[in-house]
Amino acid sequence: MTSSSSALLELARRYGVAAEFDDWTGRRTAVAESTLVAVLEALGVPGGTEQERADALAAHDRQYWQRSLPPIVVGRATVASSFWVHVTHGDPVELTLHLEDGTERSDLRQLQNLRPPFDLGGRLIGEATFELPADLPLGYHRLRLQVGEFHTETPVVISPATVGLPTRLGERRTWGLATQLYSVRSKNSWGTGDLTDLTDLAVWSAAEHGAGFILVNPLHAAAPAAPMEPSPYLPTSRRFVNPLYLRVEAIPEFASVRHRSRIRALRAALNEHADRAPTIDRDAAWRAKRTALEQVYRVERSAGRELAYAAYRARQGRSLDDFATWCALAERHGADWHGWPQALRHPANPEVADFAAAHPRAVDFHRWLQWLLDEQLTATQATAVQAGMELGVMSDLAVGVDPDGADAWALQDVLALGVTAGAPPDEFNQLGQDWSQPPWRPDRLVEQAYEPFRAVVNMALRHSGGVRIDHIIGMFRLWWIPKGAAPTDGTYVRYDHDAMIGIIALEAHRAGALVVGEDLGTVEPWVRDYLRERGVFGTSILWFESDESGGPLAAERWREYCLSSVTTHDLPPTPGYLAGEHVRLREELGLLTRPVEQELAADRSAQAAWLDELRRVGLLGPDPDTDQVVAALYRYLGRTPSKLLALSLADAVGDLRTQNQPGTTDEYPNWRIPLTGPQGRRLLLEDVFVDPRAAALCDVMASITAHPGQARM
């Protein structure tokens, strides 16, 4: 940076845009001026010239002093927190806190604030600081400011100091099965795994093997038009669910369909196609399932069912209407709203309302699908808990959405559409990652009092006893990449982590749920300490756990409040990893940044170190086969203090192929790999239930998490 860029640096600082950062090797790296300008532009801040920068700084000052109250005040229970008030200098103020339960508080103490008044167009604006009492109840409250005849309000969020463990779990440790649901289907599902399959998998793992939770891939909605996006981490919406996961026959109205035999024949033909196809064909599955669902939709509902549907629509409100309208529009104009007629590109345009009014059944069909999903998800969670799970379903919240999808359309005013989110280079993705997703605009989140974010979190917790939040470090800072730039040419943008984690904590408290943050990758050291303080669990993957010398981290040094597992969906299943599949695949796809011989040597060295560690603690003999190594690795998890342990379903059955290779889209069939055994034979859910390898690994997990006197034989 040159001295002439001081205004740009100050502008970047005010908007939380990093002008330099430490890379994964610890090297301090300066951000290019062109990146800063592009990222500020995505925040609606012109900064290309010195005059634009000066004007933007002045506008930032005016915006701050024009506000009488902050857009939102976030505090923690048992901790006094402060906020500012802006009024004409010298004016007396009256503050009243309207609590969620209907009561009022006015005992807000004024603190000393020596900041001088600000000249706002000839009017001196003074700033006062007040303190919220430490004994406020948890919840969403309203703060009212009265100055003479003028009054205004702002929301106040009081979150738990810490999330805490769900009552059913207490201080015990437990284990769960991690599954990519779409990849494991049963004889009665429709080409892909569905919610009935998830329920059955939960019951089997809980009743037969003592599992306490089932961690499932994000079930977020995909666009209803072909080609359906295969990645569960690139959804069209995080506020709604993919109807591909519906079980048609579990819908109450299915019993009244006239020609049920035709629907069953449709399913049988689809499953024959699925048996022959080398990868999962979501488009074929959705075409068949949609045809069946349309027949069920035509069935008249009972009076009670109509009341339930009306209540669901009322609860979901405008967001459901927007989503259903987008789906109906996508079926007619394609799934990329940027290519729609101009008048339809914003949900507030009158032409969108005209379309919904002209196509009521098309829109209502998609509302109805979400109601059915809500019902089936509710049943899945209830059944999992009844089967003995302490947590039940652990949902997975993706980091973002498809830039062309429903949420990007409905929430375009709160998303940064001129950049994409991703990750800088690290040890395992040395070219960096571009996830192609528009990130939240931190300034717009604040202006909207985090309501869009709260809705996403609420949906993730609505039908679960826990949630895994993908890339939770994005609540602190997120890597923004200007459109058209390489992932290496991005920078970090800061978010108000106290507000975002506070809302997560409050929603989890109300749901009685546990929160797991995926905190892998390049993480500032203090972030993990903060998350632990707030009661958010971390994530540990065995292959990534290393000590100061780069060797395996001894089990006793692992984190206690953590979800620990051997592998993750971005790596091959453990049998494939042991065979070097991850190196071979990256070499084949041109993703390595050093010669393959070096990668293989480094991988063999790392694996040898882990095998030595397993032998050191007495878990492995001298000449083990693959199954014995896999079992020993999972037993090693039992030596750690981690309260949550996860077994990959792919590991349980001996699968070899990875579900996702980061850095690729169609170069590899990401998220389209059906569950198979070690010989590559496709497995149905019924096969899993009688698979001796799966039973043996599940029993390993049960034994290492058993409480004294409850060890399973």
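Where in the chain is the place of Pro227? Pro227 sits in the loop between strand S14 (220-221) and strand S15 (237-241). I open with this residue because the peptide bond from Ala226 to Pro227 is cis, with omega near -5 degrees, and most peptide bonds are trans.

Good morning, colleagues. The structure before you is a predicted model. The mean pLDDT of the protein chain is 95, and 98% of its residues reach 70 or more. One stretch calls for caution: over residues 708-713 the pLDDT is below 50, and beyond near neighbours in sequence this stretch has 7 contacts in the model. Where pLDDT is low, the predicted coordinates should not be read in detail.

Let me turn to the domains. The domain assignment of the protein chain gives domain 1, residues 6-64, and domain 2, residues 73-159. The centres of domain 1 and domain 2, taken over C-alpha atoms, are separated by 30 Å.

I shall now consider helix H2, residues 33-42. Which residues of H2 are buried? They are Thr35, Leu36, Val39, Leu40 and Ala42. Seen down the axis of H2, these buried residues fall within an arc of 155 degrees, so they line one face of the helix. The partners of the buried residues of H2 are H1, strand S17 (419-423), strand S20 (477-482) and strand S21 (491-494). Just after H2 comes Gly44, with a positive phi of about 80 degrees.

Next is helix H3, residues 50-66. H3 has 17 residues and reaches 24 Å from its first C-alpha to its last, close to the 24 Å expected at 1.5 Å a residue. Buried in H3 are Arg53, Ala56, Leu57 and Trp65. They cover an arc of only 165 degrees around the axis, which puts them on the same side of H3. On the other side of H3, Gln51 and Gln66 are exposed. Against what do the buried residues of H3 pack? They pack against helices H1 (6-14) and H2, and against strands S4 (81-88), S8 (118-120) and S9 (123-132).

We come to the nonpolar cores. The largest has 179 residues, and those with the most contacts inside it are Trp368, Trp440 and Trp480. Trp368 touches Leu293, Val296, Tyr297, Arg301 and Tyr309, not counting residues up to four places away in sequence. In soluble globular proteins, nonpolar side chains tend to be buried together.

The buried residues in H18 include Val629, Val630, Leu633, Tyr634 and Leu637. Among the elements that the buried residues of H18 pack against are strand S24 (562-565), helix H17 (596-616) and helix H21 (692-705).

Some single residues also deserve attention. Thr325 lies in helix H7, residues 303-333, and counts as buried at 7% relative accessibility. Leaving aside neighbours within four places in sequence, Thr325 is in contact with Val352, Phe355, Ala356 and Val363.

Is Lys187 buried or exposed? At 57% relative accessibility, Lys187 counts as exposed. Lys187 is found in the loop between strand S12 (174-179) and helix H4 (195-209). Lys187 and Leu684 are 497 residues apart along the chain, yet their C-alpha atoms are separated by 7.0 Å. Neighbours within four places in sequence aside, Lys187 is in contact with Arg267, Asn271, Leu684 and Glu686.

Finally, I draw your attention to two backbone angles. Most residues other than glycine have a negative phi. Thr78, however, has a positive phi near 70 degrees. Thr78 lies in the loop between strand S3 (73-76) and S4, and at 62% relative accessibility counts as exposed. Ala449 has a positive phi as well, near 55 degrees. Ala449 is found in the loop between helix H11 (442-447) and helix H12 (451-461), and is buried, with a relative accessible area of 15%.

Thank you for your attention.

How values were computed. Residues are numbered from 1 along each chain as its sequence is written. Side-chain values use heavy atoms; hydrogens and water are left out. Domain bounds come from an automatic or database domain assignment. Helices (H or I, at least four residues) and strands (E, at least two) are DSSP runs, numbered from the N terminus. The expected span of a helix is 1.5 Å times one less than its number of residues. Buried means under 20% relative accessible area, exposed over 50%, partly exposed in between (1.4 Å probe, protein chains only). The arc is that of the directions from the helix axis to the C-beta atoms. Contact means heavy atoms within 4.5 Å. A nonpolar core is a set of buried Ala, Val, Leu, Ile, Met, Phe, Trp, Tyr and Cys residues joined through side-chain atoms within 4.5 Å. pLDDT is the predictor's confidence in each residue, from 0 to 100.
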